[in-house]
Amino acid sequence: MLPPHNLDLSHLPQSIFLIGPMGSGKTSIGRILANLINYEFYDTDRVIEERTGADIPWIFDVEGESGFRQREIKIVDELTQLPNIVLATGGGAVLQLENRKKLHQRGFVVYLRVAIEEQLKRMERDRSRPLLQVPDRFAVLTQLAAGRDPLYQETAHMMYEAEDLPVRQSASALLELLITQVTP
Ligand code: S3P
């Protein structure tokens, strides 16, 4: 895939970390962005699943959320040390201070913002997120957003609202912002 309009990619940050709530597009935008700039793409949840040999719902069931968070801390520490990557993090990665510090210090952090109505729409048929296996998803997402928005803000170097664009255009628009707003 070619980057849009012959953009000068020479001043891009060494690593780009995407944070934000479930359904904000971290994985879909991140994968395309990585492709555009020829970086490696990683997703903390997928790496946790590969290492554990089990999926996220199983880990939550057997080890509880705290077991999952311990695994997440290890993987965030490991992946944030890699150069030239785009990293999609789980929505709750910012809950741990050590993750927030490592993300902020080791790369350029983009907070992908999304409205709760949009999250609900995107994850309507999703059964892979344990925190959303509840009758009132709107209430849960509202509560999570209230607690986590300040943490996303404190961790991020930039905010990006992507919801009005299809995912490919979102990734291109984010890339243009990264190039124009990030000083070398
Ligand atoms: C979580 C978000 C999920 C996953 C896990 C917990 C959260 O990742 O890490 O289900 O606490 O918000 P996504 O944000 O990629 O859905």
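User: In which loop is Asn38 found?

Analyst: This is a predicted model, and what follows is computed from it. Asn38 has a phi near 65°, a positive value in a residue that is not glycine. The residue is found in the loop between α1 and β2.

User: Does Asn38 count as buried or exposed?

Analyst: The cut-off for the exposed class is a relative accessible area over 50%. Because the relative accessibility of Asn38 is 71%, the residue counts as exposed.

User: What is the place of Asn84, and how is its accessibility classed?

Analyst: Asn84 is not a glycine, although its phi is positive, at about 55°. Its place is in the loop between α3 and β3. With a relative accessible area of 35%, Asn84 falls in the class called partly exposed.

User: Which residues does Glu40 touch, not counting those up to four places away in sequence?

Analyst: Glu40 lies in strand β2, which covers residues 40–43. Glu40 and Leu82 are 42 residues apart in sequence, while their C-alpha atoms are 9.4 Å apart in space. Not counting residues up to four places away in sequence, the residues that Glu40 touches are Ala34, Asn84, Ile85 and Val86.

User: How are α2 and α3 oriented to each other?

Analyst: Helix α2, residues 44–52, packs with α3 at an angle of about 110°, and their axes are 9 Å apart. The crossing in which α2 passes α3 is right-handed. Angles of 65 to 115 degrees count as roughly perpendicular, and therefore α2 and α3 are roughly perpendicular to each other.

User: How do the residues in the contact of α2 with α3 divide by class?

Analyst: On the α2 side, the residues that meet α3 include Val47, Ile48 and Arg51. On the α3 side they include Ile59, Phe68 and Glu72. The residues of this contact divide into 8 nonpolar, 2 polar and 7 charged.

User: Is α3 roughly parallel or roughly perpendicular to α4?

Analyst: The axes of helix α3 (residues 56–79) and helix α4 (residues 97–106) come within 10 Å and cross at roughly 15°. Because angles under 35 degrees count as roughly parallel, that makes α3, in relation to α4, roughly parallel.

User: Which residues of α4 make the contact with α3, and what is the handedness of the crossing?

Analyst: From α3, the contact is made by Ile73, Val76 and Asp77, and by class the contact of the two helices has 3 nonpolar, 1 polar and 4 charged residues. The residues of α4 that take part are Glu98, Asn99, Lys102, Leu103 and Arg106. The crossing of α3 and α4 is left-handed.

User: Which element gives the most to the largest nonpolar core?

Analyst: The largest nonpolar core has 25 residues, and Ile16, Leu33, Val86 and Val110 are among those with the most contacts inside it. Several elements each supply at least two residues of this core, including β1 (15–19), β4 (108–113) and α7 (167–181). With 6 residues, the element that gives the most to this core is α1.

User: What is Val110 in contact with, leaving aside its neighbours within four places in sequence?

Analyst: Val110 is among the residues with the most contacts inside the largest nonpolar core. In soluble globular proteins, nonpolar side chains tend to be buried together. Leaving aside neighbours within four places in sequence, Val110 is in contact with Ile16, Phe17, Leu18, Ile19, Met158, Tyr160, Leu174 and Leu178.

Key: Residues are numbered from 1 along each chain as its sequence is written. This is a predicted model: local features need pLDDT of at least 70, side-chain atom pairs count only at pLDDT 80 or more; totals for chains, interfaces and linings use all residues. Side-chain values use heavy atoms; hydrogens and water are left out. Axes are lines fitted to C-alpha atoms, for helices over the stretch in contact, and angles run from 0 to 180 degrees between N-to-C directions. Helices (H or I, at least four residues) and strands (E, at least two) are DSSP runs, numbered from the N terminus. Angles under 35 degrees count as roughly parallel, over 145 as roughly antiparallel, 65 to 115 as roughly perpendicular and the rest as oblique. A crossing is left-handed if the near helix is turned anticlockwise from the far one by less than a right angle, and right-handed if clockwise. Contact means heavy atoms within 4.5 Å. Ala, Val, Leu, Ile, Met, Phe, Trp, Tyr, Cys and Pro count as nonpolar, Asp, Glu, Lys and Arg as charged, and the others, Gly among them, as polar. A nonpolar core is a set of buried Ala, Val, Leu, Ile, Met, Phe, Trp, Tyr and Cys residues joined through side-chain atoms within 4.5 Å. Buried means under 20% relative accessible area, exposed over 50%, partly exposed in between (1.4 Å probe, protein chains only).
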